[in-house]
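Me: I've got a model open and would like to talk it through. Shall we go question by question?

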Amino acid sequence: MKFEKKAVIFDLDGVICFTDKYHYLAWKALADRLGIYFDEKINDRLRGVSRMASLEIILERATETYTPEQKEAFAEEKNNTYRDLLKNMSPADLTDEVKNTLIELRNRGYRLSIGSSSKNTKFILGQIGLGDFFDAIADGTDITRSKPDPEVFLCSAAKIGVDPADCAVVEDAKAGIQAAKAAGMTALALFGDAKDCGEEDYNLTSFADLLNIL
Ligand code: BG6
Ligand code: MG
């Protein structure tokens with residue numbers, strides 16, 4: 001199968017790098033402290049979802065109710081744990097497969113941008129040596145509605161000046177696949193709960209599989 005596209009918009013966490021495991025560890029530390037059950041299956045529901053919406057999903061299993069101020073403090077606590085884990089990231093956390101595929105896509109003339117719900121996007125890209133690589137970045141600081149709303153992908157497409165119909169999105173989140181479809185884009189699933197979710201246009205066998213279909 002081949003897709004005729006002008007641009008590829010990448011999710012960040014769990015697609016460009018494996019920060020999804022750090023999100024999990026940071027939420028797990030908070031959930032354990034609060035005595036709330038949390039596992040990797042519940043964690044799949046947090047993929048692509050904003051920080052506060054993620055917290056609400058975790059608190060579904062809480063026996064106590066918390067005030068908005070307490071919830072703000074919990075979200076900040078999680079983010080501080082997460083940022084401590086991110087500090088240890090370096091260009092070694094960018095795989096050769098991802099790096100070489102991105103370079104080859106650029107050589108083939110594609111516009112390449114990011115569409116992530118994370119407010120830590122620019123920090124992470126800097127850590128892994130991609131701070132200046134993408135043609136545009138749309139992230140959690142640009143939007144008011146997180147995936148499955150299409151806002152972040154429409155914002156990313158607008159920043160690179162490409163029509164949504166000419167964009168392919170690479171996602172590990174089912175919410176991200178739904179966001180891409182709602183934006184009128186082609187949705188490519190890689191890992192996570194995106195894979196075989198039933199709403200994707202294509203399941204990638206690996207990141208480098210992009211070179212076979214684009
Ligand atoms: C997404 C992750 O990329 O960013 C979600 O898949 C996360 O799990 C969201 O909640 C927001 O991230 P951050 O870094 O702003 O807390
Ligand atoms: Mg993701």
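Me: To start, is aspartate 172 buried or exposed, and what is its relative accessible area?
Reply: This is a predicted model, so take the numbers as computed from it. Buried means under 20% relative accessible area. Aspartate 172 falls in the buried class, and its relative accessible area is 2%.

Me: How many residues apart in sequence are the parts tied together by aspartate 13 and aspartate 172?
Reply: Aspartate 13 is in the loop between β1 (7-10) and α1 (20-34), while aspartate 172 is in the loop between β4 (167-171) and α8 (174-182). Aspartate 13 is buried too, with a relative accessible area of 12%. The pair therefore ties together parts whose separation in sequence is 159 residues.

**Along the helices**

Me: Which residues of α8 are buried?
Reply: An α-helix has 3.6 residues a turn, so residues three or four places apart point the same way. For α8, the cover over its buried residues includes α7 (151-160), β4 and β5 (186-189). After α8 comes glycine 184, with a positive phi near 80°. The buried residues of α8 are Ala175, Gly176, Ile177, Ala179 and Ala180.

Me: What distance separates the C-alpha atoms of lysine 28 and lysine 6?
Reply: Lysine 28 belongs to helix α1 and is partly exposed, at 24% relative accessible area. Lysine 6 is 22 residues away from lysine 28 along the chain. Their C-alpha atoms are separated by 39 Å.

**The whole chain**

Me: What radius of gyration does the protein chain have?
Reply: The protein chain holds nine helices and six strands. For 214 residues the globule rule gives 17 Å, and the chain comes close to that, so it is as compact as a globular protein of that length. Its C-alpha trace spans about 55 × 35 × 30 Å along the principal axes. The radius of gyration is 17 Å.

Me: What share of the contacts with a separation of 6 or more joins residues 24 or more positions apart?
Reply: Of the 214 residues in the protein chain, 53% are buried. Contact here means heavy atoms within 4.5 Å. Among contacts with a separation of 6 or more, the share from residues 24 or more positions apart is 61%.

Notes:
Residues numbered from 1 in each chain as written. Chains lettered and ligands numbered in written order. Predicted model: local features only at pLDDT ≥ 70, side-chain atom pairs only at ≥ 80, totals over all residues. Heavy atoms only, no water. Helix = DSSP H or I, 4+ residues; strand = E, 2+ residues; numbered from the N terminus. Rg over C-alpha atoms; globule rule 2.2 N^0.38 Å. Buried < 20%, exposed > 50% of the residue type's maximum accessible area, 1.4 Å probe, protein only.
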